[in-house]
Amino acid sequence: MIAIKNLTYSINKNTLFSGLTFEGASGNILQILGSNGSGKTTLLKILSGITEPSKGDLEIIGSPKKLFLGHKIPIKDYFTNLQNFLSLNPDASESNFNQYCEQVNLSTSKTLLSSALSFGQKKKLLLSKIFLSSYDILFLDEPFVGLDRETIGIIKDRILEMKVNGTTIFLTSHQEVLDGDVVINLDSGLITK
Amino acid sequence: MNEFKKLFQKTRNWLGPILIFTMVMIAFPLSLNIYSSELVSSFESILVISLLMTAFISTEGIFNEDYSDGTFEMYISEDGSMFQLVLEKFCANFLMVSLPIALVGLSFAVANGAILENYLSALIGIFFVNTILTSIFAFGSSISLNKGAILGIISVLPFSMPAVILFGRFLDNLSLDHISLSFLQLLAGLSIISFLIFAWLSSKIIKLHLE
């Protein structure tokens, strides 16, 4: 479980959000909504331990297996698709790559350099991490941006499957994309359950 | 292991510094007179400057890619040790750039008549000095990660001066065949200390950049 109390973040005398208090239990989906620049990514980075908050407490019980997938795509252009896949999923094999490509309709060759992939295809390759491993807490920053409708459906199904398995999922978006157990609206400061 | 693979695939990042170093080493005797006695006397300074230059070039983009494409963020979120990742990057750089440069440097030193004996001492010395310089410049690269790494590298240039002076003395002693084991131990100790300290400092600074 993850508990946040009076969380505040300011940068250059500009307060992005203040006094945020909420809890994320096992198997919860927490949606962080807000307009551009409202601090969605920053909040996600604070929760995942990448950034320190200006004020407030962040308590994570136990030592959960976490993963943050941000806007940026850590796919190396000089690696082949298979090399990138194995670099992201060290325990996976070539057959996992073929299965995954089939699952998300990623029509590409394992020997092709990833520089040839489109943004959406690279994102599909990155999202293999959530298909091949299980996590206790997942932080997804705009996970559906750049993906086709069919893939969005597949990713949503996987997120719901992980929720059932007890993963706490934080995800940011401009509008509500899934039925969240908790919705944190950074524009209004409202937290609804 | 992943860092070795990454560096290996980025041919420009490891082959570039080695080729530049080799070109300087080839151009040096050609620009003088190949039979000139000045070759031996001025070779040391050319070697030092070449090492500085290649350490500078090889570390310029050592962290940039992983910083800008989100690799570091993902790695930290998975509770990965940034210090360990930086150490891996340093090790990959030492083995794929510093070691070949030490070998090339040694062969040219022998060819120019600057080193007639103590080949092994010369090789170890060049490698350790290159290790120190690379550690310092990699630290510089981490300082100005989001403002162009070259700025940070220039700012840490004064830190490299003691290593340059030490290397100069080392080459002097080598040419006189006065190299003692304690001198090599000193270089080894300094390179290990700078390797660990600068890797630790770099890891802390990268984390600060991510915040």
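The expected span of a helix is 1.5 Å times one less than its number of residues. Helices here are DSSP runs of H or I with at least four residues, numbered from the N terminus. Helix H2 (residues 11–31) of chain B has 21 residues, and its first and last C-alpha atoms are 29 Å apart, close to the 30 Å expected.

This is a predicted model, in which local features need pLDDT of at least 70, side-chain atom pairs count only at pLDDT 80 or more, and totals for chains, interfaces and linings use all residues. Residues are numbered from 1 along each chain as its sequence is written, while chains are lettered from A and ligands numbered from 1 in the order in which they are written.

- Asn13(B), Pro17(B), Phe21(B) and Met25(B) are buried in H2(B) (20 or more other C-beta atoms within 10 Å of the residue's own, with C-beta atoms placed from the backbone).
- These residues lie on the same side of H2(B) because they cover an arc of only 105 degrees around the axis, taken from the directions from the helix axis to the C-beta atoms.
- The other side of H2(B) has exposed residues, among them Thr11(B), Arg12(B) and Ser31(B); exposed means 12 or fewer such atoms, and partly exposed is in between.

**Contact between chains A and B**

- Chain B gives 15 residues to the contact and chain A gives 18 residues; two residues are in contact if their C-beta atoms, placed from the backbone, lie within 7 Å.
- Helix H1 (2–9) and helix H5 (71–77) of chain B each supply at least two residues of the chain B side.
- H5(B) gives the most to that side, with 5 residues.
- By class, the side of chain B that touches chain A has 3 nonpolar, 5 polar and 7 charged residues.
- Ala, Val, Leu, Ile, Met, Phe, Trp, Tyr, Cys and Pro count as nonpolar, Asp, Glu, Lys and Arg as charged, and the others, Gly among them, as polar.

**Domains of chain A**

- Chain A splits into domain 1 (2–65 + 134–192) and domain 2 (81–125), with bounds from an automatic or database domain assignment.
- Their centres, taken over C-alpha atoms, are 27 Å apart.
- Domain 1 of chain A puts 6 residues into the contact, and domain 2 of chain A puts in 7 residues.

**Nonpolar core**

- The largest nonpolar core has 100 residues; such a core is a set of buried Ala, Val, Leu, Ile, Met, Phe, Trp, Tyr and Cys residues joined through C-beta atoms within 7 Å.
- Helix H6 (residues 82–111) of chain B supplies the largest share of this core, 12 residues.
- Ile32(A) is one of the residues with the most contacts inside the core.
- Leaving out residues up to four places away in sequence, Ile32(A) touches residues including Lys40(A), Phe170(A) and Leu186(A).
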